[in-house]
Amino acid sequence: MKHNLSLLLILATAFNVAAQNKKTVKPAAVYSVANKKVTVFTTAEKTEYRISKTETLNFVANKQPFETEPCIFVDPTIKYQSLVGIGGALTDASAETFAKLSKKNQQELLQAYYNPDKGIGYTLARTNIASCDFSSGSYTYVQDNDKDLKTFSVAHDQDYKIPLIKQAITAAGGKLPLFVSPWSPPAWMKDNNSLLQGGHLLPAFRQSWANHYVKFIKTYEGMGIPIWGLSVQNEPMAKQKWESCLFTAEEERDFIKNFLGPTLQKSGLATKKLIAWDHNRDQIFQRASTILNDKDAAKYVWGIGFHWYETWTGSAMQFGNVKQTHEAYPDKALIFTEGCKEKYDVNKLDDWTLGERYGYSMINDFNSGTAAWTDWNILLDEKGGPNHVGNFCFALVHADTKNDKLIYTNAYYYMGHFSKFIRPGAKRIGSASSRDKLQTTAFLNTDGKLVVVVMNQTDDKLKYSLWIKGEAATTTSLPHSITTLVVE
């Protein structure tokens with residue numbers, strides 16, 4: 001009898017556990033494309049299409065496509081990271097070039113970048129703390145050996161950079177999240193006594209340097225420029241001929257843990273988004289694991305920043321490292337903080353691979369878990385500068401300052417296929433291509449609009465269907481094109 005009672009108790013317990021588990025199962029989210037249309041916007045080589053509305057599609061029933069039907073499969077019920085924003089850097093070089101334009105072209109540029117209807121609607125910005133290579137010369141904010149920062153002044157920035165940042169904020173509708181990055185502490189704080197050629201922050205000045213970030217943020221905010229976040233150090237593993245400073249992973253971890261993190265907190269700046277690494281994808285996982293495995297450092301870190309210049313070693317872009325970092329630390333954001341095409345050549349302003357590099361990186365970075373994406377200089381001159389060490393590069397837009405003319409590269413339009421349509425707060429959703437010739441990512445905006453980006457880097461014209469929940473809308477991808485499909 002006792003055995004029977006025991007069996008009954010076991011069965012009853014199992015039934016109750018099963019019943020409780022059943023209660024926690026949530027029904028699958030429902031998404032329907034019934035009565036919805038697809039508006040297609042296209043940019044394509046050897047055409048006049050530049051984020052041009054090219055067609056409107058309707059959905060028709062297609063429960064199960066055959067393998068012979070190329071498809072972009074999208075499932076809006078599968079959701080990943082939220083988008084923080086997409087934008088570009090407001091550097092000294094951009095500001096100095098901007099100042100040489102006529103008022104008419106200045107307004108055109110601001111609208112082109114920051115107006116979501118008439119432009120590409122940037123929603124994020126970066127700027128340099130003190131000088132970087134894209135400055136006309138080296139400068140600092142404090143006098144030599146001023147450990148207490150009593151001489152701190154951003155007077156240098158008031159000529160060009162601050163006016164541009166303020167105009168960009170206005171053009172963006174009064175809100176433009178801005179993060180700030182240092183290239184080097186003042187020379188006297190470093191072991192090589194130079195702003196250039198790497199060097200390390202001297203232990204005696206770690207607190208002074210931490211205080212310097214606070215001084216900069218509070219000074220800018222006192223001048224009407226809100227600061228959203230900051231990175232610890234631009235490219236901390238690069239010894240450059242321009243402004244640079246080296247931090248090993250352990251040194252950056254300890255500086256965050258013992259100096260910068262506590263100083264931000266004590267100064268009332270704990271809500272600022274602190275970004276570690278801010279260098280290439282090749283070492284992102286090693287840097288993230290070293291810093292974030294230390295809970296006393298990790299508690300101050302909002303996210304990990306990265307660049308795309310790992311290609312200088314001969315490597316391809318290493319998106320797998322980004323994904324690995326996201327999977328290992330899903331509670332920390334990933335932010336692409338800088339990228340540009342190096343080695344400026346005026347004869348290559350129309351080179352189509354310029355835009356394709358942006359599209360390729362953005363699609364793969366977003367699909368790897370990236371929450372924000374920031375281009376480098378928003379504007380450079382006809383020489384790819386100014387740059388005080390001759391490190392001339394491409395920007396999305398160049399100014400012919402001699403003839404007061406703006407030159408929009410195809411990269412401007414490629415970035416616009418993301419920034420114009422995918423808005424802050426959008427959730428990345430499930431998307432997959434059945435053909436390797438078509439690359440894709442997809443987002444669901446907070447207003448319910450579904451945005452799918454499709455890129456074709458081949459010479460082939462490819463017919464495919466956008467397939468969502470048993471419904472398909474068919475279109476054609478032009479050779480060397482990028483399209484944004486908006487479902488609403």
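## Pockets and a helix pair

Lining the largest pocket are 23 residues, with Glu 235, Ala 238, Gln 240, Tyr 309 and Trp 312 nearest its centre. A pocket here is an open set of points on a 1 Å grid over the protein atoms alone, where a 1.4 Å probe fits, with protein on both sides within 12 Å along at least five of seven lines; lining residues have an atom within 4 Å of a point. This is a predicted model: local features need pLDDT of at least 70 and side-chain atom pairs pLDDT 80 or more, while totals for chains, interfaces and linings use all residues. Numbering runs from 1 along each chain as its sequence is written, and side-chain values use heavy atoms, without hydrogens and water.

Strand S9 (residues 273-280) gives the largest share of the lining of the largest pocket, three residues. In the second largest pocket, Lys 420, Phe 421, Arg 423, Lys 449 and Val 486 lie nearest the centre.

| Pocket | Volume | Lining by class |
|---|---|---|
| Largest | about 420 Å³ | 11 nonpolar, six polar, six charged residues |

Helices H3 (residues 103-114) and H4 (residues 161-171) pack at about 55°, their axes 9 Å apart. The crossing of H3 past H4 is right-handed. Gln 107, Leu 110 and Tyr 114 of H3 meet Leu 164, Gln 167, Ala 168 and Ala 171 of H4 (heavy atoms within 4.5 Å). That contact has five nonpolar, two polar and no charged residues.

Terms used: Axes are lines fitted to C-alpha atoms, for helices over the stretch in contact, and angles run from 0 to 180 degrees between N-to-C directions. Helices (H or I, at least four residues) and strands (E, at least two) are DSSP runs, numbered from the N terminus. A crossing is left-handed if the near helix is turned anticlockwise from the far one by less than a right angle, and right-handed if clockwise. Ala, Val, Leu, Ile, Met, Phe, Trp, Tyr, Cys and Pro count as nonpolar, Asp, Glu, Lys and Arg as charged, and the others, Gly among them, as polar. Grid points are joined across faces, edges and corners, and a volume is the space filled by probe spheres set on the points.
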